[in-house]
Amino acid sequence: MGQSQVFRTGGFFLASLFCVFFLSGCGIQSIPQHLNEVESSQAEIVNQYKRRADLIPNLVNTVKGYASHEKETLEGVVNARAKATSTQINAGDVASVQKFQEAQGSLGAALSRLMVVVEKYPDLKADQNFRELQAQLEGTENRITIARQRHIENIKKFNNLVTVVPTSWTNSLFFKHEKMAQWTTEDAKAIEAAPKVQF
């Protein structure tokens, strides 16, 4: 192997090494990957909210069997569920995200009021079907909380990539993504607290 061939091989190796380091650290891969993570975690939130909405008709019917005269509270839950399930969310659309969060917050608050009403009916609280629904609802609320936390973290990572140097340079050149609005809501405290499921 001649000296020139050794230089060419060494140069090719160094150029390849430089490209690997450059591409792995410049955001050309990580920005699209993190965008995918954000979309995935948002879909998981929607999935968990849908799971909660699917439990509500059975819950309302069970409560109605013991407390049919609590009409206002029951209708409040049914109406809030209808609004929540009809509200669509579009990734990157701040207005639709806020509208979705508000609808889910209203449903959570309506469920909390329902659980307060339930406290007045010991026979209902002892009903096996009701207890199972409560357990499922509590598990779903925990999954919603975890899904929201993951989504918040994914948005933070994505925003760091599109706003912090050097990956922000790559974003400016190739992707031109805007910084995402963080997952918050005006009645976040109500969402965090609702519904409170107790046995």
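Predicted model: local features only at pLDDT ≥ 70, side-chain atom pairs only at ≥ 80, totals over all residues.
Q: Let's start with the largest nonpolar core. Which of its residues touch the most other members?
A: This core has 23 residues, and the ones touching the most other members are Leu59, Val63, Val77, Leu111, Leu114 and Phe130.

Q: Which elements give two or more residues to this core?
A: Look at helix 2 (30-66), helix 3 (71-86), helix 4 (94-118) and helix 6 (128-163). Helix 4 gives the most, with eight residues.

Q: Say I click on Val77. What does Val77 touch, leaving out residues up to four places away in sequence?
A: You'll find Ile56, Val60, Leu107, Ala110, Leu111 and Leu114 around Val77. Apart from this core lies another one, of 16 residues, including Phe158, Leu161, Val162 and Trp183.

Q: Now the helices. How do I describe two packed ones?
A: You give the angle between their axes and the distance between the axes. Here, the axes of helix 2 and helix 3 come within 10 Å and cross at roughly 165°.

Q: Are helix 2 and helix 3 roughly parallel or antiparallel?
A: Roughly antiparallel, because angles over 145 degrees count that way.

Q: And is their crossing left-handed or right-handed?
A: Helix 2 and helix 3 make a left-handed crossing.

Q: Which residues make the contact?
A: From helix 2, pick out Ala53, Asp54, Ile56, Pro57, Val60, Val63 and Lys64; from helix 3, take Leu74, Val77, Val78, Arg81 and Thr85.

Q: How many residues of each class does the contact of helix 2 with helix 3 have?
A: Sorted by class, there are eight nonpolar, one polar and three charged residues in this contact.

Note on methods. Residues numbered from 1 in each chain as written. Heavy atoms only, no water. Core = buried A, V, L, I, M, F, W, Y, C linked by side-chain atoms within 4.5 Å. Buried < 20%, exposed > 50% of the residue type's maximum accessible area, 1.4 Å probe, protein only. Helix = DSSP H or I, 4+ residues; strand = E, 2+ residues; numbered from the N terminus. Contact = heavy atoms within 4.5 Å. Axes fitted to C-alpha atoms, helices over the stretch in contact; angles between N-to-C directions. Parallel < 35°, antiparallel > 145°, perpendicular 65-115°, else oblique. Left-handed = near helix turned anticlockwise from the far one by under 90°. Nonpolar A, V, L, I, M, F, W, Y, C, P; charged D, E, K, R; others polar.
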